[in-house]
Amino acid sequence: MPRSSFVRSRPVLRGAGLGLAGLGLVGALAGCAAGGAAAGSGSGGGPYQDGTYTADGSYQAPSGTETITVTLTLAKDTVTAVRIGRHATDPNAIQYQAMFAEGISALVVGKDIDSLGVSRVAGSSLTSGGFRAAVEAIKKQAAGS
C-alpha cells in the first residue's frame with residue numbers, strides 16, 4: 001500500500017469534550033460557509049449512523065509522510081462538527097496543518113458527508129489528501145462497515 005493512502009481508524013470515546021468553539025477562519029477561503037445543525041445521537045436519516053467518528057489520514061509532503069487526525073460529528077449524514085488533530089513534524093507541515101485546521105470548519109460543517117470535496121484550505125493543499133483519506137475511513141465506520 002502506498003504511504004500516501006495509509007489510513008488508521010481509532011474508536012471515539014463519547015463525552016470526551018469535542019467542542020469546536022475555538023476554530024476560526026484564517027485568510028480568504030474559496031467557497032462559502034454553511035451553518036451547522038445540532039449534533040444528534042441514535043440512527044441517522046441516511047446510510048450513515050449519527051455520531052462522532054475519528055480516523056487518521058496520511059499524505060505525502062515534501063518532507064515525508066505526515067498525518068492528521070479527523071474527528072467528524074454526523075447528524076442525518078450532515079457534518080455538524082469537525083476537529084483536526086495535527087501531528088506534523090516538519091516546520092512547514094506544522095504551519096500548513098495549523099492553517100488547514102483553522103479553516104476546514106467553514107468548508108464542511110453543514111454539508112452532506114458525501115459532498116465533501118476539499119482540495120485546498122487556507123493555502124494548504126497537501127493536508128487535504130490526509131483529510132480525504134480520513135473521511136473515507138469515517139464513512140466506512142459510520143456505515144457500519
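I took buried to mean under 20% relative accessible area. The model I examined is predicted.

**Entry 1: S124**

I looked up S124 and placed it in the loop between α1 and α2. Its relative accessible area is 1%, so I recorded S124 as buried. I then listed its neighbours: leaving aside residues up to four places away in sequence, S124 touches Y96, F100 and S119. The side chain of S124 also makes a polar contact of 2.8 Å with the side chain of T127.

**Entry 2: the ends of α1**

At the start of the helix I found a side-chain oxygen of D90 within 3.0 Å of the backbone nitrogen of N92. After α1 comes G110, and I noted that its phi is positive, near 90°.

**Entry 3: the buried residues of α1**

I asked which residues of α1 are buried. They are A93, Q97, A98, M99, F100, A101, G103, I104, L107 and V108. I kept in mind that an α-helix has 3.6 residues a turn, so residues three or four places apart point the same way. I then looked up the packing partners: the buried residues of α1 pack against the strands β2 (51-61), β3 (64-75) and β4 (78-86), and against helix α2 (127-142). F100, one of the buried residues of α1, is also among the residues that S124 touches.

Technical notes. Residues numbered from 1 in each chain as written. Predicted model: local features only at pLDDT ≥ 70, side-chain atom pairs only at ≥ 80, totals over all residues. Heavy atoms only, no water. Buried < 20%, exposed > 50% of the residue type's maximum accessible area, 1.4 Å probe, protein only. Helix = DSSP H or I, 4+ residues; strand = E, 2+ residues; numbered from the N terminus. Contact = heavy atoms within 4.5 Å. Polar contact = N/O pair within 3.5 Å; in protein donor to acceptor, adjacent residues only side chain to side chain.
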